[in-house]
Amino acid sequence: MKIVKVRLGQNSYSIDIGAGILNQTGQMLKELGLNEKAVIITNPVVQKLYGELVDQSLVAAGYKTTVLEVPDGEKYKSLESAGKLYQQLAEFGAERATPVLALGGGVIGDLAGFVAATYMRGVPFIQLPTTLLAQVDSSIGGKTAVNHGQLKNEIGAFYQPRVTISDIATLKTLPPAELISGLAEVIKHAVIKDEQFFIYLEQNLDRIKALDDGVLETIVMECAQIKAEIVENDEKDMASRNILNFGHTVGHAVEAVSNFQVAHGQAVAVGMVAAAKIAAELDLMDSVNVTGLERILQKAGLMTRLPKMEINRVIQTMRYDKKVRNDKIRFVLPRSIGQVFITDDVSSTVVEKVLREML
Ligand SMILES: NC(=O)c1ccc[n+]([C@@H]2O[C@H](COP(=O)([O-])OP(=O)(O)OC[C@H]3O[C@@H](n4cnc5c(N)ncnc54)[C@H](O)[C@@H]3O)[C@@H](O)[C@H]2O)c1
């Protein structure tokens, strides 16, 4: 098992990464001094696969448990779901010290985290991420949220878990498209912070896709380390944490203009290529790095060109995105593999030119 520490003063915690470690959940909670009752929040898909394993581990460690299911899907990451969960927590007799465990992907992690942050003004929260995206990204850094109307991820709280247990064995049951989508975020971490990790990924993509335990453990650990360090420097996302949005400026717009037909990871992949091409167009990065990025994304099964869509709508959507400051679109651009910077200074002419070339 590998352990990554997230150092945030009183809110510090560890991320435990390994194959087959979910059955240690009860023991780990006990070691944290969390006693008596525990609530597992999950969805029917994940419940069927791993619910009993986690529940039994808690019961064996002496916990009285309940499992609360939310239907599967982004649309259930809502205030309505949170409302139902508060009610169920109260019926179970959950108290201030009762831990809430999020067993699932990013949707369950964000929703259960939001509920844990707000029920009785905050109860202990545990992340048990079961998708690649959740293990390398959403379970790290304490952002919890629900969607509300047009507000996506904008009703929420920064609320750190007490521990994150990333069992990479759960990735074996993940639909291949979800694994590929998560790979976009893995590659993102390498491009923003670590060239060596990028080279490692290039060399090991086949083993990742074959779900090799050793390689999966390494990539989850590397991403956790990179994201932990970024979060430690800017927990509340006021400045430097923004670099994690690399690929997301164009990515979000592509997702939205496609009516969410393009998966998040695929959209982020296109967004990363767009950002790299913009950097090359502005002579800020060697175009050889753009080719390298395109090659690794293609090998991972990710998109590097825009699907057929109106470029004007993509640009318009970017303008409405929250990353627009003073009417300038905010971009995270690479200087090289392993180094990025934030800029408001990209003209829409350059953006339009690059996007048209990517069609
Ligand atoms: N908090 C953050 O910092 C942060 C960062 C990035 C994304 N997010 C959020 O994460 C969400 C996306 O997360 P996601 O990509 O994990 O999607 P998801 O939670 O919807 O999971 C994807 C699918 O995989 C299924 N699944 C989960 N684990 C499985 C397993 N082990 N085996 C088989 N099937 C499994 C789920 O039931 C679901 O159908 C979005 O809501 C996004 O806003 C949050």
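1. Buried means under 20% relative accessible area, exposed means over 50%, and partly exposed lies in between, with a 1.4 Å probe and protein chains only as cover. By that scale K277, at 26% relative accessibility, counts as partly exposed, whereas E294, at 17%, counts as buried.

2. On the source: this is a predicted model in which local features need pLDDT of at least 70 and side-chain atom pairs count only at pLDDT 80 or more, while totals for chains, interfaces and linings use all residues. Residues are numbered from 1 along each chain as its sequence is written, and side-chain values use heavy atoms, with hydrogens and water left out.

3. The ligand has 26 residues around it, and D72, E74, T130, T131 and T173 come nearest. A residue is near a molecule if one of its heavy atoms lies within 4 Å of it. The shell around the ligand divides into eight nonpolar, nine polar and nine charged residues. In this grouping Ala, Val, Leu, Ile, Met, Phe, Trp, Tyr, Cys and Pro are nonpolar, Asp, Glu, Lys and Arg are charged, and the others, Gly among them, are polar.

4. Which elements each supply at least two residues of the shell around the ligand? They are α2 (44-60), α4 (106-118), α5 (132-138) and β8 (151-158). α2 gives the most, with four residues. Helices (H or I, at least four residues) and strands (E, at least two) are DSSP runs, numbered from the N terminus.

5. An N or O atom in the side chain of D72 is 2.7 Å from a ligand oxygen. For K77 the corresponding distance is 2.9 Å, and for T131 it is 2.7 Å. Taken alone the ligand exposes 870 Å², and the protein buries 84% of that. Accessible areas come from the Shrake-Rupley method with a 1.4 Å probe.

6. A salt bridge is a side-chain nitrogen of Lys or Arg within 4 Å of a carboxyl oxygen of Asp or Glu. The count by this rule comes to 18. Among the residues involved, E74, K77, D110 and K152 are linked in a network of salt bridges. Two of these names have already come up at the ligand: E74 is one of the residues that come nearest to the ligand, and K77 has a side-chain N or O atom 2.9 Å from a ligand oxygen.

7. The side chains of E95 and K37 meet in a salt bridge at 3.0 Å, N to O. E95 lies in the loop between α3 (79-92) and β5 (100-104) and K37 in strand β3 (residues 37-42), so the pair ties together parts that are 58 residues apart in sequence. E95 is partly exposed, with a relative accessible area of 41%, whereas K37 is buried at 16%.

8. Helix α11 (residues 287-300) holds R295, and helix α7 (residues 195-209) holds E202. The side chains of R295 and E202 meet in a salt bridge at 3.3 Å, N to O. This pair ties together parts that are 93 residues apart in sequence. R295 is partly exposed, with a relative accessible area of 48%, and E202 is partly exposed at 25%.

9. The pair from point 1 also forms a salt bridge: the side chains of K277 and E294 meet at 3.6 Å, N to O. K277 is in helix α10 (residues 264-281) and E294 in helix α11, 17 residues apart.

10. How many of the 18 residues of α10 are buried? The number is 15, so α10 is largely enclosed by the rest of the structure. From its first C-alpha to its last, α10 reaches 25 Å, close to the 26 Å expected at 1.5 Å a residue; the expected span is 1.5 Å times one less than the number of residues.

11. Please look at two backbone angles. Most residues other than glycine have a negative phi. E36 has a positive phi of about 75° although it is not a glycine. E36 is found in the loop between α1 (25-31) and β3 and counts as exposed at 56% relative accessibility. D283, also not a glycine, has a positive phi of about 60°. D283 is in the loop between α10 and α11 and counts as exposed at 70% relative accessibility.

12. F198 is found in helix α7 and is buried, with a relative accessible area of 5%. F198 and T304 are 106 residues apart in sequence and 17 Å apart in space, C-alpha to C-alpha.

Key. Polar contact = N/O pair within 3.5 Å; in protein donor to acceptor, adjacent residues only side chain to side chain.
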